[in-house]
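Okay, thanks for making time, everyone. Let me put the structure up and we'll walk through it together.

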Number of protein chains: 2
Amino acid sequence: MSTQSILHRVDAEISTYIEQLAGFVRIPSISAGADQDAAGAIAQAADFLVEEFIRLGLSAEKVQVTAATNPLIVAHSTAFSAARPTVLIYGHYDVQGVDNPRSAWDVDPFAAVIEDGMLIGRGASDNKGPTFAHLKAVDAILSAAGELPVDLVFLIEGEEECGSKAIGQYIASGGLDSFKPIICTVISDTSMYGPDQPSLTLGLRGIVFTEATVYGPRQDVHSGLFGGIIHNPNHLLVQALSALFDEDGRIAVPAFYDDVRPLSEREQTLYRSLPVDEDGYRKTLGVTELIGEPQYSLLERRWTRPTLDVNFLSGGSPRTVIPAQAQAALSCRLVPDQDPGRIEAAIHDHLSAHLPAGTRLEFSGAHHAPPYYLDPDHPLVQPTLNALRSGFDIDPILSREGGSIPIVTDIEKNTGAPVLLVGLGQITDNWHGPNECFSLKDFHRGIRTSVALLHEIGSV
Amino acid sequence: MSTQSILHRVDAEISTYIEQLAGFVRIPSISAGADQDAAGAIAQAADFLVEEFIRLGLSAEKVQVTAATNPLIVAHSTAFSAARPTVLIYGHYDVQGVDNPRSAWDVDPFAAVIEDGMLIGRGASDNKGPTFAHLKAVDAILSAAGELPVDLVFLIEGEEECGSKAIGQYIASGGLDSFKPIICTVISDTSMYGPDQPSLTLGLRGIVFTEATVYGPRQDVHSGLFGGIIHNPNHLLVQALSALFDEDGRIAVPAFYDDVRPLSEREQTLYRSLPVDEDGYRKTLGVTELIGEPQYSLLERRWTRPTLDVNFLSGGSPRTVIPAQAQAALSCRLVPDQDPGRIEAAIHDHLSAHLPAGTRLEFSGAHHAPPYYLDPDHPLVQPTLNALRSGFDIDPILSREGGSIPIVTDIEKNTGAPVLLVGLGQITDNWHGPNECFSLKDFHRGIRTSVALLHEIGSV
């Protein structure tokens with residue numbers, strides 16, 4: 001049976017698929033924060049998925065990696081054939097909380113209201129809708145053609161919004177070994193480049209996050225009694241943080257830029273050809289100017305250049321005290337070939353070097369993820385672009401993203417295979433914010449893309 | 001009748017006076033914070049004082065300056081004579097809260113427990129005990145001699161711990177005019193130099209307090225999506241604050257030190273002769289080193305040199321955001337002849353000058369007080385030292401303090417007369433902290449000092 005007929009099946013079934021997605025979005029499977037897991041909704045969402053997979057004819061189970069973690073859904077083809085490549089599809093069924101704040105929502109975040117072609121609800125875009133598109137692609141293929149062009153493994157986790165512990169442990173302890181070789185992983189947890197602009201995301205920035213605390217007197221003390229005779233931790237912290245940048249705002253940590261792989265001419269040309277609405281950025285962000293390294297374009301700065309941001313400052317109180325301690329949280333976005341551990345050490349050393357000898361400085365809360373990068377010449381890139389073209393009827397582009405998804409590099413390393421990032425959401429879908437929404441047109445086109453992609457990969 | 005016989009009266013009556021003071025301390029007259037004014041205790045403390053003054057034979061009233069302020073107690077001699085100088089005595093009957101934290105108190109903060117010669121209770125030292133010493137001095141004089149050597153005005157406020165609004169307005173609107181000329185004001189709301197070391201405090205540092213907020217994007221935004229293309233308010237704030245100091249930690253705000261009056265040789269000699277336990281400071285503060293301007297002694301740095309402290313830092317959250325704003329609270333301690341308004345403007349200008357053009361920077365929460373200074377050659381200095389010697393049987397010293405008491409310069413300016421700062425508490429009495437206490441020996445010696453001081457002033 002031709003891919004075309006299966007795509008027609010998708011078009012015919014789309015209203016049923018939308019109804020089923022709405023049912024998935026109605027489950028308040030919040031994994032973190034004050035309102036987490038209302039009424040056992042995590043288990044409910046996990047059961048919903050297992051039943052879906054079994055109805056499709058796949059094997060499916062809830063894997064309880066540790067007693068304290070949310071179930072990881074592992075589903076896969078019932079029989080594997082050496083003649084078919086195996087594709088891994090990743091997604092998550094847990095969602096962010098809705099108290100951010102709850103009053104900012106215009107509708108019930110779990111009513112799955114549909115307005116102007118958008119499905120409004122927590123998790124609609126991050127990540128239930130895009131994940132569900134792949135399930136519905138399998139549904140369409142199997143009901144129309146009776147068999148899949150590839151062997152499939154789904155890993156759908158319930159902890160993406162709270163640290164991905166279970167899946168991390170599952171992968172690290174060889175959970176995927178029996179499914180190997182895996183030709184590639186497909187993930188729809190990034191964004192499209194813009195409305196009606198499907199894209200394959202070639203890169204994600206890595207991350208280093210660390211918290212630094214500078215200590216002073218035993219407890220907050222009176223600045224009148226002791227001002228002028230002891231170090232003020234706020235000052236020490238400010239001086240050390242200030243030394244992270246030079247006068248032009250460039251990161252002054254020694255060796256920070258050493259390992260940055262220059263952008264290829266090919267990618268530079270690609271990204272410089274993309275339309276960029278700088279005025280739109282300014283308006284959305286509410287800033288009067290966009291800044292950054294002048295020799296790089298806006299997209300290059302967002303996607304391909306490393307950054308260092310002080311995310312958090314805290315010290316003392318708005319009264320006349322010299323505080324006992326001052327704290328900052330810092331994070332870097334990293335690009336190929338920067339090493340998170342090396343960068344973290346360089347930052348720690350630089351901060352220490354800019355404090356007086358004997359200052360008590362402690363680091364905590366560190367976490368890391370290396371950057372992810374897919375070569376645009378990789379043999380799976382063209383098939384993916386073909387699939388996006390079939391799914392959307394629009395010429396797709398190659399892009400990158402500035403954010404980080406730690407599990408992507410974990411999966412890539414473990415499988416030794418590329419991760420194809422085909423996002424279906426928009427940057428304007430309000431992930432983690434109020435009134436999160438997902439375009440049902442893109443849900444439809446996403447299912448079509450998944451159908452086409454599995455066929456493309458099956459015939460590589 | 002000789003001063004000596006009146007002092008004997010004090011000695012004879014001291015246990016009654018202590019009992020009465022305990023009654024005053026038992027009233028939980030908290031003026032600020034979560035636990036303020038439990039069960040109308042502010043009114044109760046005000047009534048307690050009015051009754052005390054009337055029992056002494058003075059005129060006394062509760063002045064309700066505005067509907068929202070706590071009553072100001074104004075008490076005075078029933079008849080004024082041109083032959084007697086008029087002395088103003090200031091104190092406060094309101095106390096700090098006890099939830100700092102409540103669990104840190106070893107006893108009920110309002111049980112007025114006596115242990116090892118210390119009266120333990122909130123407000124015992126700040127400022128009920130020292131204020132009450134002056135009332136008991138009047139009691140002893142009137143009961144032993146029948147008349148006062150001076151005419152007296154008492155201003156006892158109920159808002160010292162929450163901004164001194166009522167008394168400020170009372171003084172500014174001419175409340176003291178009918179009592180003028182006033183030869184001097186006596187205040188016991190400072191500390192002794194140390195145990196068994198009575199002192200006349202010649203100076204208090206002034207203060208400038210201001211809050212600065214630097215604004216960035218409309219709301220906190222994702223550092224992965226937007227890192228590298230917009231200013232981070234945490235960075236801007238850190239850079240601007242860092243520019244407040246030079247490499248040696250000296251304040252780099254232009255003109256900051258311009259008006260600082262050099263310390264006289266006389267005071268320098270006085271303060272360098274005082275015993276200083278640097279190791280004790282280090283231990284109490286929990287720091288490994290004492291720092292500051294190397295050409296000044298520790299006491300000179302604490303008392304006679306201006307400072308700038310960043311008291312508070314706040315920006316963003318310990319997640320990967322670029323925050324919408326970052327905030328700092330700063331305060332300076334000022335010395336003669338620095339002008340708070342001029343210093344505040346210089347700080348504002350300096351911060352602005354160290355931010356990129358177009359940055360939104362706003363200042364708020366400012367308050368000021370000029371430094372207070374009494375010339376050691378002022379004719380009332382020797383009489384005050386004589387009184388301390390009579391009261392304590394110990395040679396008193398001249399000192400300064402590093403803190404600020406805004407009402408002191410308000411009173412000085414309005415009366416055109418010096419303020420004699422004769423503290424009775426110790427720096428170790430835990431003002432504003434748990435287990436506040438007051439030495440009953442110093443209460444006794446303080447009453448004696450007040451008796452002697454009124455006689456000294458009466459015979460100037």
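So let's start with one pair of residues: A:Met118 stands opposite A:Ser439 in E18(A). Before I go on, keep in mind that this is a predicted model.

Three strands of chain A form an open sheet in the order E4-E5-E18, with antiparallel pairing. Strand E4 (113-115) and strand E18 (437-439) of chain A sit at the edges with a single partner strand each, so one side of each has no neighbour in the sheet. From one strand to the next, the twist averages 25°. And there's a helix on it: H13 of chain A, residues 440-458, packs on the sheet and touches E5 and E18 of chain A. The direction of H13(A) makes about 55° with that of E18(A).

Now over to chain B. There, three strands form an open sheet in the order E4-E5-E18, and the pairing is antiparallel. Which strands are at the edges? Strand E4 (113-115) and strand E18 (437-439) of chain B, each pairing on one side only. Neighbouring strands in this sheet are turned by 25° against each other on average, if you ignore direction. Let me show you the E4 side here: three bridges join E4(B) to strand E5 (residues 118-120) of chain B, running antiparallel.

How many residues are we talking about? 61 residues of chain A are in contact with 61 residues of chain B. On the chain A side, the elements giving two or more residues include strand E9 (206-215), helix H5 (223-226), helix H9 (298-303) and strand E13 (325-334). What gives the most is E11(A), with nine residues. As for make-up, that side of chain A divides into 24 nonpolar, 27 polar and 10 charged residues.

E11 deserves a look of its own. E11(A) pairs with strand E11 of chain B, residues 307-316, in the antiparallel sense, over five bridges. In that pairing, A:Gly316 stands opposite B:Phe312 in E11(B).

The other thing to look at here is the H6 pair. Helix H6 (residues 233-242) of chain A and helix H6 (residues 233-242) of chain B have axes that come within 9 Å and cross at roughly 110°. That makes H6(A) roughly perpendicular to H6(B). The crossing is left-handed. Who's touching? From H6(A) it's A:Val238, A:Gln239, A:Leu241 and A:Ser242, and from H6(B) it's B:Val238, B:Gln239, B:Leu241 and B:Ser242. Sort the residues of that contact and you get four nonpolar, four polar and no charged.

Chain A averages a pLDDT of 96, and 100% of its residues score at least 70. For the complex, the predictor gives an ipTM of 0.91 and a pTM of 0.91. Okay, that's my tour, happy to go back to any view.

Terms used
Residues numbered from 1 in each chain as written. Chains lettered and ligands numbered in written order. Predicted model: local features only at pLDDT ≥ 70, side-chain atom pairs only at ≥ 80, totals over all residues. Axes fitted to C-alpha atoms, helices over the stretch in contact; angles between N-to-C directions. Helix = DSSP H or I, 4+ residues; strand = E, 2+ residues; numbered from the N terminus. Parallel < 35°, antiparallel > 145°, perpendicular 65-115°, else oblique. Left-handed = near helix turned anticlockwise from the far one by under 90°. Contact = placed C-beta atoms within 7 Å. Nonpolar A, V, L, I, M, F, W, Y, C, P; charged D, E, K, R; others polar. pLDDT = per-residue confidence, 0-100. Pairing = 2+ DSSP bridges.
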